[in-house]
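I went through the structure one spot at a time and jotted down what I looked up.

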Amino acid sequence: MQPPTDFAGKPLTKNKHLMHWVEEMARMTKPDHIVWCDGSEEERHRLTEEAVSKGILMPLNAQQLPGCYLHRSNPNDVARVEQLTFICTPTKADAGPTNNWMAPDEAYKKLGQLFDGSMKGRTMYVVPYVMGPVGSHHSKIGVELTDSIYVVLNMRIMTRMGRAALNMLGESNDFNRGVHSTLDCNPDRRFICHFPQDNTIWSVGSGYGGNVLLGKKCLALRIGSYLGRNEGWLAEHMLILGVESPEGEVTYVAAAFPSACGKTNFAMMIPPPRFKGWKITTVGDDIAWMRVGEDGKLYAINPEFGYFGVAPGTNMKSNPNAMKTVSHDTIFTNVALTKDNGVWWEGMDGETPEELTDWTGKPWKKGSTEKASHPNARFTSPATNNPVLSKFYDDPQGVPISAIIFGGRRATTVPLVMQAFNWMIGVFYGATLGSETTAAAAGKVGVVRRDPMAMLPFCGYDMGTYFAHWLSMQAKIVQLPKIFLVNWFRKDKDGKFLWPGYGENMRVLKWVVDRARLRVGGQETPFGWVPKAGDLDLSGLDIPHERVDEATHIDLDEWQTELESIGEFFQTLGPTLPKALELHRELCLERLKILRDARKKHHSRHPHA
């Protein structure tokens with residue numbers, strides 16, 4: 001193969017390993033043309049024009065939404081497909097019981113047959129990209145081969161894409177090899193396969209971002225977590241934010257929440273008026289790569305360069321900074337279209353329009369039982385659009401993490417905030433994280449679905465071994481971040497939320513920061529420290545103290561049920577579950593037994609107490 005050139009004819013790379021691999025994949029997929037992407041503005045303009053001419057993108061109202069476009073995906077291709085996502089390791093035990101497994105030879109053969117000639121009549125785009133700041137030792141390089149302009153334009157937003165990646169790669173053979181073809185979007189021919197030992201990802205039959213933007217969940221988490229275990233770091237499904245005090249002191253926090261728990265909202269939170277002078281800045285809203293620095297602290301980077309967020313439910317109350325972020329230079333996917341070529345989704349501010357064009361392109365009228373926007377409709381926006389972007393978002397060293405937060409959606413049991421006594425118990429918090437099913441999910445309402453570290457769909461190897469890796473990190477980190485559990489979603493007996501959430505979560509975050517900096521006390525419970533009366537700043541918050549007390553209460557009977565449920569979950573993970581986690585669960589049960597027995601004795605002696 002001749003060394004590739006950009007659109008202007010300038011050479012891009014002489015890397016023989018890369019050129020040989022591209023040539024090999026082209027022989028398999030048989031594209032009509034091969035285009036190497038350089039990440040330039042001219043290229044973006046040219047590809048956008050082509051995407052518009054082919055109906056892949058639709059220009060939106062240039063006055064309302066400058067530089068914004070709408071994409072409608074195939075209606076059968078609107079979300080990640082966990083059942084068709086495979087970890088292809090030499091043995092099933094390597095992938096573990098929580099992942100779908102396929103033997104590497106079988107996967108290469110099966111997908112190779114689908115890839116054979118899959119790009120005939122199409123263009124293969126070679127998309128080199130960096131996950132993380134260019135030049136950082138935290139960062140990883142990937143190359144995605146795709147037949148989708150939509151993928152190219154989204155990868156341009158989500159990663160540092162083009163010539164910078166090729167320059168960073170140089171002559172090295174150390175890059176992730178990703179191949180993607182949309183085929184005909186037939187769900188029966190849809191597979192997303194990860195080969196951790198080969199640092200390779202093959203994706204066929206889908207055009208949806210989570211399945212085809214291979215730098216995101218595929219490399220940043222599934223392959224990334226495997227690389228992290230081997231290389232001694234953590235690849236996590238976590239936001240990263242900075243909390244800046246009026247005096248200019250900045251504390252960095254990483255937080256993991258399962259889906260539908262307000263992760264992006266928390267990452268871009270605006271503090272309430274009571275916290276005048278305080279600022280929240282966003283380093284990342286979805287993924288954190290964390291390594292131990294030379295000073296023994298844990299440092300995190302956001303490997304992404306943009307946001308691939310859920311549109312429905314985003315509004316000026318839930319996330320005003322996200323609304324500003326998507327106001328220009330954004331690709332919207334599967335949202336509704338207004339009469340004047342604006343966008344609309346369920347949960348948006350203002351009145352619902354009388355008439356819209358729904359996410360499938362059909363007319364829609366107010367009052368319809370069908371949703372106008374798909375529940376998983378997305379926006380892809382550059383991080384630089386975010387008005388509260390941290391000035392360290394592109395720092396090659398990353399930011400030092402002082403606290404790690406785990407949080408799920410629980411109507412009972414889990415208090416508003418609780419701090420782990422130590423790193424091991426903090427890992428237990430993360431390992432047992434869960435959210436309750438809602439009416440929208442299949443099955444019973446209120447059943448706890450465990451999502452350890454919010455990584456259940458994204459861990460690229462055995463989950464028990466993953467927990468052991470987390471525990472082992474304690475030996476490397478000199479200054480351990482404090483670990484917390486939060487729950488904004490606890491309800492009273494009438495089913496109403498006890499805590500207002502959104503920007504008011506700043507009050508909890510302030511306690512977390514003060515605990516991380518050893519500035520405030522805590523009340524000891526059997527499971528961790530909670531705020532003492534008066535520790536949470538509730539000034540200016542119009543809710544009774546009784547509701548806050550209820551939100552922070554530890555109910556011994558509920559925790560008995562919780563620990564039994566955790567035991568059932570642990571049994572599903574098999575023999576690799578670290579013994580320390582099971583022993584801690586048993587110790588908690590013993591503590592509960594002592595406390596409950598003492599309570600019974602007290603009641604028998606003082607029946608009217």
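Which residues have the most contacts inside the largest nonpolar core? I found Phe-406 and Trp-470, in a core of 96 residues. By nonpolar core I mean a set of buried Ala, Val, Leu, Ile, Met, Phe, Trp, Tyr and Cys residues joined through side-chain atoms within 4.5 Å. Buried is under 20% relative accessible area, exposed is over 50%, and partly exposed is in between (1.4 Å probe, protein chains only).

Ground rules for myself: this is a predicted model, where local features need pLDDT of at least 70 and side-chain atom pairs count only at pLDDT 80 or more, while totals for chains, interfaces and linings use all residues. Residues are numbered from 1 along each chain as its sequence is written, and side-chain values use heavy atoms, with hydrogens and water left out.

Helices (H or I, at least four residues) and strands (E, at least two) are DSSP runs, numbered from the N terminus. I then listed what Trp-470 touches, skipping residues up to four places away in sequence; among them are Leu-234, Met-238, Phe-406, Trp-423 and Met-453. Contact here means heavy atoms within 4.5 Å.

**Helices α2 and α5.** I checked how α2 (residues 41–53) meets α5 (residues 149–158): their axes come within 10 Å and cross at roughly 145 degrees. The axes are lines fitted to C-alpha atoms, for helices over the stretch in contact, and angles run from 0 to 180 degrees between N-to-C directions. On the α2 side the contact includes Arg-44, Leu-47 and Ala-51, and on the α5 side it is made by Ile-149, Val-152, Leu-153 and Arg-156. I sorted the residues of this contact into 5 nonpolar, 1 polar and 4 charged. For that sorting, Ala, Val, Leu, Ile, Met, Phe, Trp, Tyr, Cys and Pro count as nonpolar, Asp, Glu, Lys and Arg as charged, and the others, Gly among them, as polar.

**Strand β7.** Is β7 (residues 140–146) buried or exposed? I get 7 of its 7 residues buried, so β7 is largely enclosed by the rest of the structure. Both faces are covered, with Lys-140, Gly-142, Glu-144 and Thr-146 on one side and Ile-141, Val-143 and Leu-145 on the other. Strand β6 (residues 123–131) pairs with β7 in the antiparallel sense over 7 bridges, and Met-131 has Lys-140 as its bridge partner. Strand β9 (residues 176–181) pairs with β7 in the parallel sense over 5 bridges, with Gly-142 opposite Asn-176. Two strands pair if DSSP finds at least two bridges between them.

**Another sheet.** I traced an open sheet of 5 strands in the order β2-β3-β19-β24-β18, with mixed pairing. Its edge strands are β2 (58–59) and β18 (306–310), each pairing on one side only. β2 runs antiparallel to β3 (residues 69–71), joined by 2 bridges, and Met-58 stands opposite Leu-70.

**Two single residues.** Glu-562 sits in helix α15 (residues 556–572). Glu-562 is buried, at a relative accessible area of 6%, and leaving out residues up to four places away in sequence, Glu-562 touches Arg-410, Thr-413 and Arg-450. Gly-277 is in the loop between α9 (263–267) and β15 (279–284). Gly-277 counts as partly exposed because its relative accessibility is 43%.
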